Amino acid sequence: MGGLRQALFHDAFAYRPMAPLREDGPVIRHLPRRMRDRAVWTPHALVALTALAVFLAGMSRSNFPITQLLTLLPAVAVAMTLIRPVGAFWVSLAMTPVTAFFGDHEWPWGPTTFFAHLVVLVVVAARTRPRTAAWMWGLTMLLGTFMENLVWRPGTTTVAMGVVSAFALLVVALVQTRRDAEREVTVQRTVTAVERDRRTLLEERTTIARELHDVVAHHMSVVAIQAEAAPYRVENPPPELEQAFATIRENAVAALTELRRVLGVVRAEDYQAPDAPQPTLAQLDGLLANVREAGLETEKTITGAVRELPQGVELSAYRIIQEALSNTLRHAPGAGARVEIGYVLGGVGLRIVNGPPTGPVQPSQGAGHGITGMRERVAMLNGEMTAGATGEGGYEIAAFIPVQGGPEPREQDGTPTVVLDKTGPASAGAANGAAAGRAGTA
């Protein structure tokens, strides 16, 4: 009873206009723009035409003014489904005894009222819930059974109404259930995609934090050791100097302890710190030699005055190149890659571009997590990065990492250098990633 009150009695005659169709629907989106604006009102036009057809059909079946006026009631009930759906059902149900006594010869629904009430049931069921459709069908059958027992006439139509309306409402309920399921699946896919991207971002940040922990901890340890050993390098150092170095060592040890406390929580229980130092651009030739064995033709170009960069910048640049080459192997098998490194006054520019996939090997279908990791590394260093497809069907990644100050160039004369290194096929001793990307020039 509570469900019945909620479905058919609560705000039964509330104003609920039928919404137009969505322009991105499976049919409407293929229409021209001018037709699309009008096609969204197709259900409203169909209901209005049905109401007009019900009225004209009722008028043609009777020659008496009273009965002709009564034919307006079913048409009004059909038209009301556009603005007051539940109220339209009650109007159609209430006018059934009236039209049966004064109008149609069939009992309790004649052809016109039969069709009109069926349309009302279908439209209202489509605009509400399956439970509402079940209650409407039950009340319709209850009214038909009561009228048959009240006045017996041959050729009653209650059974026909029950069978036809049950089949029509079942179809509507199935369509509604399928539509709700598709909507729920779409929502779940969206939520899953967002959560997957968020998890990937957090995992990448964790990896970056681990690597930075190792880099910074190494340098802080060196500072502490050198500060402790510095007084012994000078004969009879003054007390002020000894105290200054002792303060430097204490601050370095405190910072190292705090760093391990804060960043140490991001380590997995089975995480093993690397024995060797974190890689830099100086080990890039080893990476290219490693990927050579996997079949990737690579070309390396270095422009500008090569110099040592901060270790965090060197590490991030190396990882970006490593990830891009790994993505080329996975997503563009058979293609070649070109690695460009540009040393400029304000930082370092990277550009990795590959051609379209060739050969019989099918590209791997990744989720695009490698690009997310690259962007996170570049953003961490206040750099810029772009990624996207090239006009030739390949992919390009470009990034610029700014460097404030820094060591002097390795060349004594300071003249720019250009180094070309063509290597053969390459293997990705590279990390996991998704599609190799394209980015504009740094």
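Colleague: Before we look at any pair, what counts as a salt bridge here?

Modeller: A salt bridge is a side-chain nitrogen of Lys or Arg within 4 Å of a carboxyl oxygen of Asp or Glu. Please keep in mind that this is a predicted model. With that cut-off, the structure holds 11 salt bridges, and one of them joins the side chains of Glu340 and Arg351, with N and O 3.0 Å apart.

Colleague: With which other residue does Arg351 form a salt bridge?

Modeller: Arg351 also pairs with Glu396, and the closest N and O atoms of these two residues are 2.3 Å apart. Since Glu396 lies in strand E5 and Arg351 in strand E3, this pair ties together parts that are 45 residues apart in sequence. Both Arg351 and Glu396 are buried. Taken together with Arg338, the residues Glu340, Arg351 and Glu396 are linked in a network of salt bridges.

Colleague: How should I read a salt bridge within a helix, such as the one between Asp180 and Arg183?

Modeller: The side chains of Asp180 and Arg183 meet at 2.9 Å, N to O. Because the two residues are three apart in helix H9, which covers residues 158–229, about one helical turn separates them. Asp180 is partly exposed at 39% relative accessible area, and Arg183, with 46%, is likewise partly exposed.

Colleague: Turning to the nonpolar residues, which of them have the most contacts inside the largest core?

Modeller: The largest nonpolar core has 32 residues, and those with the most contacts inside it are Ile321, Leu325, Ile341, Leu350 and Ile352. The elements that give two or more residues to this core include strand E2 (337–344), strand E3 (347–354) and strand E5 (395–402), together with helices H11 (284–292), H12 (311–331) and H13 (369–380). Helix H12 gives the most, with seven residues.

Colleague: Which residues does the second core include?

Modeller: The second core is separate and has 30 residues, among them Val47, Phe89, Val119 and Ala125.

Conventions:
Residues numbered from 1 in each chain as written. Predicted model: local features only at pLDDT ≥ 70, side-chain atom pairs only at ≥ 80, totals over all residues. Heavy atoms only, no water. Core = buried A, V, L, I, M, F, W, Y, C linked by side-chain atoms within 4.5 Å. Buried < 20%, exposed > 50% of the residue type's maximum accessible area, 1.4 Å probe, protein only. Helix = DSSP H or I, 4+ residues; strand = E, 2+ residues; numbered from the N terminus.
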